[in-house]
Amino acid sequence: MKVRDVMTANPITVRADEPLSTAARRMRDGDVGAVIVVDGTEVRGVVTDRDIAVRAVAEDLDPRTLPTGELAGPDVIATSAEDDAATAVELMRTHSVRRLPVMDGEQVVGMVTLGDLAVARDQDSALADISSVAPNN
């Protein structure tokens, strides 16, 4: 099975220079727990709802003025749409992440989550059960 088969296509993105509050609104409006941060066509990283709560709000940073790119990590961990799903699982395990931007060459085409992979690998697992009824996180 390829990443393309399990990913969410057309992921929600936010420009690195847009305020964190914009990222939060896009998460709310899209019913997702993460957005992909871009700078032009370059992927800068992923920002999650937890990043906003723990790394920004809890530190009294102003989400109306803080650029979203400030929370994107320095290293982008991504996978290819043509990679095997097992490759995405191994990337998540190695880098302790739950979400990966999916690339087709230089273009971001999707997002794959731990829940997506759980559903694809074992639809009867507890994580798959939770992921199939929860919002796309």
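What is the mean pLDDT of the protein chain, and what share of its residues reach 70 or more? The mean is 88, and 88% of the residues reach 70 or more. Keep in mind that this is a predicted model.

Over residues 125-137, pLDDT is below 50. That stretch still has 21 contacts in the model, beyond near neighbours in sequence.

Now the inside. The largest nonpolar core has 14 residues. Leu20, Met27, Val35, Val37, Val47 and Leu71 have the most contacts inside it. Which elements give two or more residues to this core? They are α2, residues 20-30, β3, residues 34-39, and α3, residues 49-56. α2 gives the most, with three residues.

There is also a second, separate core. This one has 13 residues, including Val3, Val102, Val109 and Leu117.

Back to the largest core, and one of its residues, Leu71. Leave aside its neighbours within four places in sequence. Leu71 is then in contact with Leu20, Val47, Asp51, Ile52, Arg55, Ala56 and Leu66.

Next, α2 itself. Its buried residues are Leu20, Ser21, Thr22, Ala23 and Met27. What covers them? The cover includes β2, residues 13-15, β3, β4, residues 42-48, and α3. Just after α2 comes Asp31, with a positive phi of about 55°.

Let's look at how α2 meets α3. The two helices pack at an angle of about 145°. Their axes are 10 Å apart. The crossing is left-handed. On the α2 side, the residues are Leu20, Ala24 and Met27. They meet Asp49, Ile52 and Ala56 in α3. Note Leu20 and Met27: both are buried in α2, and both are among the residues with the most contacts inside the largest core.

Last stop, helix α4, residues 85-95. Which of its residues are buried? Ala85, Ala88, Val89 and Met92. After α4 comes Ser96, and its phi is positive, near 55°.

To recap. There is a core of 14 residues, the largest, and a separate one of 13.

Technical notes
Residues numbered from 1 in each chain as written. Predicted model: local features only at pLDDT ≥ 70, side-chain atom pairs only at ≥ 80, totals over all residues. Heavy atoms only, no water. Core = buried A, V, L, I, M, F, W, Y, C linked by side-chain atoms within 4.5 Å. Buried < 20%, exposed > 50% of the residue type's maximum accessible area, 1.4 Å probe, protein only. Helix = DSSP H or I, 4+ residues; strand = E, 2+ residues; numbered from the N terminus. Contact = heavy atoms within 4.5 Å. pLDDT = per-residue confidence, 0-100. Axes fitted to C-alpha atoms, helices over the stretch in contact; angles between N-to-C directions. Left-handed = near helix turned anticlockwise from the far one by under 90°.
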